[in-house]
Amino acid sequence: MASSNFANFTMFLSISVLFVNILPVNSTSRHALINNRKGFKVSLKHVDSGGNFTKFERLQRAMARGKSRLQRLNLMANNLVATTAKDDSDIVKSTIHAGNGEFLMQISIGSPSETYNAIMDTGSDLIWTQCKPCKECFDQSTPIFDPSKSSTFSKISCSNKLCEALPMSSCGDSSCEYMYTYGDYSSSEGFLASETFTFGKNSIPNVAFGCGNDNQGSGFSQGAGLVGLGRGPLSLVSQLQMPKFSYCLTSINVDANNKISSTLLMGTIANDDHSNIITTPLVKNPSQPSFYYLSLEGISVGDTQLPIKKSTFSLNQDGSGGVIIDSGTTITYLEESAFSLLKKEFSSQVNLPVDDSSSTGLDLCFTLPSSTNNIEVPKLVFHFEGADLDLPADNYMIADSSMGVACLAMGGSSGMSIFGNVQQQNMLVIHDLNKETLSFVPTQCDKL
């Protein structure tokens, strides 16, 4: 049996949690930024960063958000709609969006600029923040953005192509009005506007964003809005004409209270010039064009390739099923039949008693021997099209010596499968929308 040494799990057990600072670009105008394509670097912090949580408390909080996000993503992929009645005669249907996420990036908006923490979301497109005057706004830690105090603010007209790109819009006072509804019944409603966004010391004019003055629900309490990094025309990636970006998420063994952060790279600095890179095609789902779908062809545990039916991870004609890679979901969720095979084979290859206490919330845990800090676990390989991703043990096993358990950081789902951020840690994950590829590069992310 092929196995990997799973050592030093005292360090491994720290669940990293992250917020965002933005590092400077060598450009001060959008024109120059787009033309030189160098881009910029942004540091990311997890939404639970600095919280006084134990290792598994942090994981459990993240998993609770992840399960909720999984449900929303499945709703989206199944092309369901939420219906909102404004009055008895006006029924508006709007596409459901994922919302929420695990990582925050710091953005500055306006002239003079005000700074906000916004959720980074690779599962949606729209950039938005709460705006005055607020009909209804959720609590946020920073003052709500006031457009009247900015000299660079302007509303976007209904004839603008970005207004047409909204899944649901209407025209009021010659401005483009939007409504985004999320699967947890949170929503943002307002108008589309143009404003200067600043990353560190570098300002980028004319970024289109949603100015939300009716925002409801608890889905965004971590930040003051959201930055979409999806594949659609409204996303930051598309608006900046930077079809390449990458992120590098620090290991969960980094303590939540220290200053080590993860990283987002926009533009050509998100480079793919690495000798140890592996690359797989991105797949498009016409019914959900913003998502980053991958072709997962199989999974191996040790020397055993699991007998998973070829159709298990396929993207169906109705837009359901398939596998997405997502920064906003913590653990990987596999279609239930595949996860059952994985769980059974993994259990048979780990020479430890199974822990049935359900104390962690994870589906498969083992009791750790008190006499050692080292255990052996089987290799785990994800076979994507053209890329066999051999995961380090730290990317799929979560251990806690104080609790006396080691757990597989994966679960089952019904429908869509999601490759989560624990499995992506300490990898540079490069999205190239020109080549329609996604690449993995093993990287010490806290050294970037």
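This is a predicted model: local features need pLDDT of at least 70, side-chain atom pairs count only at pLDDT 80 or more; totals for chains, interfaces and linings use all residues.

Q: Okay, loops. Where does Pro-133 sit?

A: In the loop between β8 (128–130) and β9. A cis peptide bond joins Pro-133 to Lys-132, with omega about -5°.

Q: And which residue is joined to Pro-112 by a cis bond?

A: Ser-111, and omega there is about 0°. Pro-112 is in the loop between β6 and β7.

Q: Is Gln-241 buried, exposed or partly exposed, and what is its relative accessible area?

A: Gln-241 is partly exposed, at 44% relative accessible area. The cut-offs: buried is under 20%, exposed is over 50%, partly exposed is in between (1.4 Å probe, protein chains only).

Q: What about phi at Asn-426?

A: Positive, near 55°, and Asn-426 is not a glycine. Its place is in the loop between β31 (417–419) and β32 (427–432).

Q: Which way do β12 and β13 pair, and over how many bridges?

A: Antiparallel, over 12 bridges, with β13 being residues 202–216. Two strands count as paired if DSSP finds at least two bridges between them. Leu-192 has Gly-210 in β13 as its bridge partner.

Q: What about β6 with β12?

A: Strand β6 (residues 103–109) pairs with β12 in the antiparallel sense over 2 bridges. Ile-109 stands opposite Phe-197 in β12.

Q: And β9?

A: Strand β9 (residues 154–155) is antiparallel to β12, over 2 bridges. Lys-155 has Ala-193 in β12 as its bridge partner.

Q: New topic. Which residues does the UniProt "active site" annotation cover?

A: Asp-121 and Asp-326, according to the unreviewed UniProt entry. They gather at one spot: they span 206 residues in sequence, yet no two of their C-alpha atoms are more than 8.3 Å apart. UniProt positions are in the numbering used here, feature names are shortened, and annotations may be inferred rather than shown by experiment.

Q: Where is Asp-121, then?

A: In strand β7 (residues 114–121). Asp-121 counts as buried, at 1% relative accessibility. A polar atom of its side chain lies 2.9 Å from the backbone nitrogen of Gly-123.

Q: Is Asp-326 buried or exposed?

A: Buried, with a relative accessible area of 1%. Asp-326 is in the loop between β21 (323–325) and β22 (332–335).

Q: What does Asp-326 contact, leaving aside neighbours within four places in sequence?

A: Its contacts (heavy atoms within 4.5 Å) include Arg-69, Thr-122, Gly-123, Phe-419 and Gln-424.

Q: Which side chain makes a polar contact with the side chain of Asp-326?

A: That of Thr-329, at 2.5 Å. A polar contact is a pair of N or O atoms within 3.5 Å; within protein, one must be able to donate a hydrogen and the other to accept it, and residues adjacent in sequence count only if both atoms are side-chain atoms.

Notes: Residues are numbered from 1 along each chain as its sequence is written. Side-chain values use heavy atoms; hydrogens and water are left out. Helices (H or I, at least four residues) and strands (E, at least two) are DSSP runs, numbered from the N terminus.
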